[in-house]
Amino acid sequence: LPTAAVAAKAGEDFGEIILCDTVDEMVAEADRIASEHVQVMTRDPDYFLEKMKNYGALFLGARTNVSFVDKVIGTNHTLPTNKAARYTGGLWVGKFLKTCTYQRILTDEASALIGEYGSRLCLMEGFAGHAEQANIRVRRYGRKNVGYAMPADPT
């Protein structure tokens with residue numbers, strides 16, 4: 001190939017061979033590495049499809065290959081690198097859509113109960129101001145006396 005020197009250097013600097021004793025160990029190792037491209041050549045590619053969780057694109061079986069998916073049939077050629085597949089997938093149209101979320105608690109009881117849990121969690125993380133926001137709801141809607149920036153008692 002015209003790119004043989006570049007490929008050889010990449011293999012020298014970053015390539016490795018990892019031997020596994022079981023198929024489950026192979027899946028665990030693949031998920032740990034979280035590669036952007038994973039070619040699975042086995043009699044049971046569906047096993048890897050069902051078990052693997054961390055990859056940018058998974059190419060299953062001898063009929064499928066990276067160039068087909070990257071250039072013709074895939075959702076996108078831009079994939080997560082540097083183990084980012086542990087928390088994100090490949091680029092797709094949804095990454096360009098604005099997402100808005102909202103919350104609304106509909107009852108006094110729910111606000112007070114959530115406030116009790118939220119108060120304690122916020123204080124455990126050192127967020128006294130957030131805890132006080134929760135405590136205000138516990139006082140107002142749960143009619144409980146909670147000290148300023150103190151954890152709400154769920155009893």
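Colleague: Where does Ala-34 lie?

Modeller: Ala-34 lies in the loop between α2 and β1. Helices (H or I, at least four residues) and strands (E, at least two) are DSSP runs, numbered from the N terminus. This is a predicted model, where local features need pLDDT of at least 70, side-chain atom pairs count only at pLDDT 80 or more, and totals for chains, interfaces and linings use all residues. Residues are numbered from 1 along each chain as its sequence is written, and side-chain values use heavy atoms, with hydrogens and water left out.

Colleague: Why does Ala-34 count as buried?

Modeller: Buried means under 20% relative accessible area, exposed over 50%, and partly exposed in between (1.4 Å probe, protein chains only). Ala-34 has 2% relative accessibility, so Ala-34 counts as buried.

Colleague: What is the phi of Ala-34?

Modeller: Phi of Ala-34 is near 55°. That is a positive value in a residue other than glycine. Arg-143 also has a positive phi, about 50°, and is not a glycine.

Colleague: Where is Arg-143, and is Arg-143 buried or exposed?

Modeller: Arg-143 lies in the segment after α6 (128-142). Its relative accessible area is 69%, so Arg-143 is exposed.

Colleague: Back to Ala-34. How far is its C-alpha atom from that of Lys-53?

Modeller: The two C-alpha atoms are separated by 8.4 Å. Along the chain, Lys-53 and Ala-34 are 19 residues apart. Lys-53 is in the loop between α3 (45-51) and β2 (57-60).

Colleague: What makes Lys-53 exposed?

Modeller: Its relative accessible area is 57%, so Lys-53 is exposed.

Colleague: What does Lys-53 touch?

Modeller: Contact means heavy atoms within 4.5 Å. Not counting residues up to four places away in sequence, Lys-53 touches Asp-31 and Ala-85. With those neighbours likewise left out, Met-52 touches Val-27, Ala-30, Asp-31, Val-38 and Leu-58.

Colleague: Which residues make up the largest nonpolar core?

Modeller: A nonpolar core is a set of buried Ala, Val, Leu, Ile, Met, Phe, Trp, Tyr and Cys residues joined through side-chain atoms within 4.5 Å. The largest has seven residues: Val-27, Ala-30, Val-38, Val-40, Phe-48, Met-52 and Leu-58. The elements that give two or more residues to this core are α2 (23-33) and β1 (37-40).

Colleague: Why is Ser-111 called buried?

Modeller: Ser-111 has 11% relative accessibility, so Ser-111 counts as buried. Ser-111 is in helix α5 (residues 108-124). Leaving aside neighbours within four places in sequence, Ser-111 is in contact with Ile-105, Arg-137 and Tyr-141.

Colleague: And Met-124, buried or exposed?

Modeller: Met-124 is in helix α5. At 69% relative accessibility, Met-124 counts as exposed. Its C-alpha atom is separated by 9.0 Å from that of Pro-151, 27 residues along the chain.

Colleague: Now the whole chain. What is its pattern along the sequence?

Modeller: The protein chain reads α-α-β-α-β-α-α-α. That comes to six helices and two strands.

Colleague: How does the radius of gyration of the protein chain stand against a compact globule?

Modeller: The radius of gyration is taken over C-alpha atoms, and the globule rule is 2.2 Å times the number of residues to the power 0.38. A compact globule of 155 residues would have a value near 15 Å, but the protein chain has 25 Å. The C-alpha trace spans about 75 × 35 × 30 Å along its principal axes.
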